[in-house]
Amino acid sequence: MKTLITNGTLITPTDELPGGWVLVEGDRIADVGQGGPPQADATIDARGGTVAPGFIDLHAQGFRGYDLWDPSDEGFLGATRQMASTGVTACQTSCRPTEEVSRTMRPRIGRSDGGCRVMGLYFEVPFISPEKRGAIPPEYVERPSREAAERILEASRGILSMITIAPEQPGALDLIPLLCAARGPAGPVVCALGHTSATCDEAVAGFDAGITHCTHLYNAMTALHHREPGAVGALLARPEVSVEIICDGVHLHPAAVRVAVACKGIEKTCLITDCVSGLGRDVVDGAPRLADGTIAGSVLSMDRAVANVQRFAGVSLREAVEMATLSPARVVGLDAAKGALETGKDADIIIFDDQVNVRLTMIGGEIVCRADA
């Protein structure tokens, strides 16, 4: 079965192709081009919209009343299908590193069933700073130890793709090589700096030990000061380390977003949502919060993040799309299969209008949601 998507502007995302087309065969992209399109069994008219790779959200917990780690299929599929409606075709699930959660999530890795695919698990705990835990309950925090790391790695063998660590915590630096040596669904487990009280030098020591990514830049970490640059300064000054940013207008001031993109570049900046189900939390001033006002995740969607970052950082639509597709795919080793409209890659494709309202989401060559259906 060959399906042709035509009459739109393609964002590949390294190029922008007006009047472009994409030919899908089975679950893969068979060809991409401009001008006269090839023959196909079916045609999807983009109606002048933008055709792009599906968004990849590296940091999601739930969405619109559903939790990704919910033991029930109803909850899990509710979250993945709602996320797909906003253009997300792949994600990492941020969840607790327990045997029970890993057992629940293992059969869900790579599964679609009408929603975005979970490509791996993202553990934000337990090896973080108690002082920078944010909305994370204190009982979820644990002192770094080889015993705890091996327990976590054994339970999540082959499905853990990323783990947050605070490098200043006693014993943390010794664990980083162990964690990075583990294999995830698409490559080595990625160690991310986050929820940290690290000084600049302590953060740099973490990079030297193997940290290559950052959990939600600026949030829950030591701030930039001209005499002590902190974790934020270390991250902005280290070009090879990738970062996540939450562009909801609540977690970050637009100027902070502009600084991050200017320092890290498009390739090393990943748009995320850090979205939660919202259940049991009051949304105050645009974000879910604890009773004391602490921000507890977001209600951001990836389509809004793509729209917002253009205004906040002054980037083009093409650059915004890259930060939501190819940039995150590179971080977790998915870029050989996802993140771009290229021949041979997965047919994870979205169509949206000039306000980044998603009209159609295709995952693995299947249309999973259509706004005009």
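The following questions and answers walk through local features of a predicted model.

Visitor: In which strand of the chain is confidence lowest, and in which is it highest?
Guide: For the chain as a whole the mean pLDDT is 97, and 100% of its residues reach 70 or more. Within that chain, the lowest confidence falls in strand β16 (residues 282-284), with a mean of 94. The highest, at 99, belongs to strand β15 (residues 269-272).

Visitor: Why is the pair formed by the rings of Phe55 and Phe352 called tilted?
Guide: The structure holds 1 aromatic pair, and the centres of its two rings, those of Phe55 and Phe352, are 6.3 Å apart. Planes under 30 degrees apart would count as stacked and those over 60 as edge-to-face. The pair is therefore tilted, since its planes stand at 35°.

Visitor: How many residues apart are Phe55 and Phe352 in the chain?
Guide: Both Phe55 and Phe352 are buried. Phe55 belongs to strand β6 (residues 55-60) and Phe352 to strand β18 (residues 349-352), so that the pair links distant parts of the chain, 297 residues apart.

Visitor: Over the face of which residue does Arg96 lie?
Guide: The distance from Arg96 to the ring centre is 3.9 Å. The ring in question is that of Tyr140.

Visitor: How does Glu240, which forms a salt bridge with Arg238, count in terms of accessibility?
Guide: The closest N and O atoms of Glu240 and Arg238 are 2.5 Å apart. The relative accessibility of Glu240 is 41%, so this residue counts as partly exposed.

Visitor: Which residues are linked in a network of salt bridges with Lys338?
Guide: Lys338 forms a salt bridge with Asp348, with the closest N and O atoms 2.7 Å apart. Both residues lie in the loop between α10 (326-331) and β18, so the pair ties together parts that are 10 residues apart in sequence. Lys338 and Asp348 are both buried, and the network that includes Lys338 also contains Asp27, Arg28, Asp346 and Asp348.

Visitor: Which backbone oxygen does the side chain of Thr269 reach?
Guide: Thr269 is found in strand β15 and is buried, with a relative accessible area of 0%. Leaving aside neighbours within four places in sequence, Thr269 is in contact with residues including Val243, Ile245, Met323 and Ser327. Its side chain reaches, at 2.7 Å, the backbone oxygen of Gly265.

Visitor: What is omega for the cis peptide bond that joins Thr12 and Pro13?
Guide: Most peptide bonds are trans. Pro13 has its place in the loop between β1 (2-11) and β2 (16-25), and the cis bond that joins Thr12 to Pro13 has an omega of about 15°.

Visitor: What is phi of His195?
Guide: Most residues other than glycine have a negative phi. His195 lies in the loop between β12 (190-193) and α5 (200-209) and is buried, with a relative accessible area of 4%. Its phi is a positive value, near 45°.

Notes. Residues numbered from 1 in each chain as written. Predicted model: local features only at pLDDT ≥ 70, side-chain atom pairs only at ≥ 80, totals over all residues. Heavy atoms only, no water. pLDDT = per-residue confidence, 0-100. Helix = DSSP H or I, 4+ residues; strand = E, 2+ residues; numbered from the N terminus. Phe/Tyr/Trp six-rings, centres within 6.5 Å; stacked < 30°, edge-to-face > 60°. Buried < 20%, exposed > 50% of the residue type's maximum accessible area, 1.4 Å probe, protein only. Lys NZ or Arg CZ within 6 Å of the ring centre and 35° of its normal. Salt bridge = Lys/Arg side-chain N within 4 Å of Asp/Glu carboxyl O. Polar contact = N/O pair within 3.5 Å; in protein donor to acceptor, adjacent residues only side chain to side chain. Contact = heavy atoms within 4.5 Å.
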